[in-house]
Amino acid sequence: MTRSVFFLLSLLAGTTNPPPTQALPPRSQSSAIPTLREVAPGILEYNGVRLDKKDHRVSFPATVNQRVGLIEYLLVNEKGKTHESLFETKVLPHDIHLALLLIGLKEDAKENPNETPPPQAIDAGYLQSAPKLNGAPVSISVVWTEQDKKKEIAAEDWVFNLQTNHPMSRGPWIYNGSFVENGVFLADQELSIVAVITDPTALVNNPRKGYDNEDIWQAREEVVPPLDTAVEINITLAESATTTKP
């Protein structure tokens, strides 16, 4: 797996919405500094992503995309696999990845060294042989407003496990990053951000038992807000996932 902050910076320097199937030409590092603006004390923002370096957290807007039925993703870009995702967002994967690097994400080049990109359509056959991914632990929470009150919940509370007949167990997700293959950041090509079943091209994957089973995860209709409800997604690094401590 090759993941490069310089590659992502070059994307930012050129456009906020690069064609997902093409690599952008390389640019000098000096022209690759993203435009950050301070929106609150200690909080920076660019391209719709907010960075809180002190708390090792990035936040960005999304909407409820699915309330019933099986899901394979927790979150995708609005032009991605929305037919099987709980949330969708206008934010691009490389903007999220770069934001996490800027707040201190510690990458390990030795993680998933023999990993190969999955087929275009992930099926049961692939999942049976797919390796369990490694990466940095992160927590994911959802903030929304209900009856004029702001609420926050662990994202996994809105996912149900049909095998255990209980909500998805609480705990960290795995931030495995994505591939750069032939000059293309594959998360931007697939537009997948958080996967419930294994997808190495997604930035984040589910490490829980059942990560290889596409038939057991579904949205919790009884607790998920109405379709198109505006939410904020928070991805927070665990201390062990950062290069520096607060």
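A: In this predicted model, the second largest cavity has a volume of about 60 Å³. The count of cavities of 30 Å³ or more comes to two.

Q: Which residues line the second largest cavity, and how do they divide into nonpolar, polar and charged?
A: A cavity is a set of points where a 1.4 Å probe fits but cannot get out, and lining residues have an atom within 4 Å of a point. In this case the lining consists of Lys-132, Leu-133, Ile-174, Thr-198, Asn-205, Asn-206, Pro-207 and Tyr-211. Four of these lining residues are nonpolar, three are polar and one is charged.

Q: How is a pair of aromatic rings described?
A: The description uses the distance of the ring centres and the angle of the planes. Two aromatic pairs occur in the structure. For Phe-87 and Trp-158, the ring centres are 5.8 Å apart and the planes stand at 35°, so this pair is tilted. Phe-87 belongs to strand S6 and Trp-158 to the loop between S8 and S9, so the pair ties together parts that are 71 residues apart in sequence.

Q: Are Phe-87 and Trp-158 buried or exposed?
A: Burial is read from the relative accessible area, with under 20% as the cut-off for buried. Phe-87 is buried because its relative accessible area is 0%. Trp-158 also counts as buried, at 1% relative accessibility.

Q: What is the geometry of the pair formed by Trp-144 and Trp-158?
A: The ring centres of Trp-144 and Trp-158 are 4.9 Å apart with the planes at 65°, so the pair is edge-to-face; the cut-off for that class is over 60 degrees. Trp-144 lies in strand S7, whereas Trp-158 lies in the loop between S8 and S9, so here the parts tied together are 14 residues apart in sequence. Both Trp-144 and Trp-158 are buried. One aromatic cluster is formed by Phe-87, Trp-144 and Trp-158.

Q: Where does the charged end of Arg-208 sit?
A: The charged end of Arg-208 is placed over the ring of Trp-173, at 4.8 Å from the ring centre.

Q: How many bridges join strand S7 to strand S8?
A: Strand pairing is read from bridges, and at least two are needed for a pair. Strand S7 (residues 136-146) and strand S8 (residues 149-154) run antiparallel and are joined by six bridges. Within this pairing, Val-143 has Glu-152 in S8 as its bridge partner. The hairpin of S7 and S8 has two residues between the strands, and Gln-147 there takes a positive phi near 50°.

Q: In what order do the three strands of the open sheet lie?
A: The order is S10-S9-S16, with antiparallel pairing. Strand S10 (166-167) and strand S16 (217-219) are the edge strands, each pairing on one side only. Strand S9 (residues 159-161) is joined to S16 by three bridges, and Phe-160 has Gln-218 in S16 as its bridge partner.

Q: How many residues of helix H2 are buried?
A: Helix H2 (residues 93-102) is mostly covered, with nine of its 10 residues buried. Among them are His-94, Asp-95 and His-97, together with Ile-96 and Leu-98. After H2 comes Gly-104, with a positive phi near 115°.

Q: How far apart are Lys-79 and Leu-191 in sequence and in space?
A: Separation along the chain and separation in space are read side by side. Lys-79 and Leu-191 are 112 residues apart in sequence, and their C-alpha atoms are 7.0 Å apart. Lys-79 is found in the loop between strand S5 (73-77) and strand S6 (85-89). With a relative accessible area of 63%, Lys-79 is exposed, whereas Leu-191 is buried.

Note on methods: Residues numbered from 1 in each chain as written. Predicted model: local features only at pLDDT ≥ 70, side-chain atom pairs only at ≥ 80, totals over all residues. Heavy atoms only, no water. 1 Å grid on protein atoms, 1.4 Å probe; cavity = no way out; pocket = protein on both sides within 12 Å on 5 of 7 lines; lining within 4 Å. Points joined across faces, edges and corners; volume = space filled by probe spheres on them. Nonpolar A, V, L, I, M, F, W, Y, C, P; charged D, E, K, R; others polar. Helix = DSSP H or I, 4+ residues; strand = E, 2+ residues; numbered from the N terminus. Buried < 20%, exposed > 50% of the residue type's maximum accessible area, 1.4 Å probe, protein only. Phe/Tyr/Trp six-rings, centres within 6.5 Å; stacked < 30°, edge-to-face > 60°. Lys NZ or Arg CZ within 6 Å of the ring centre and 35° of its normal.
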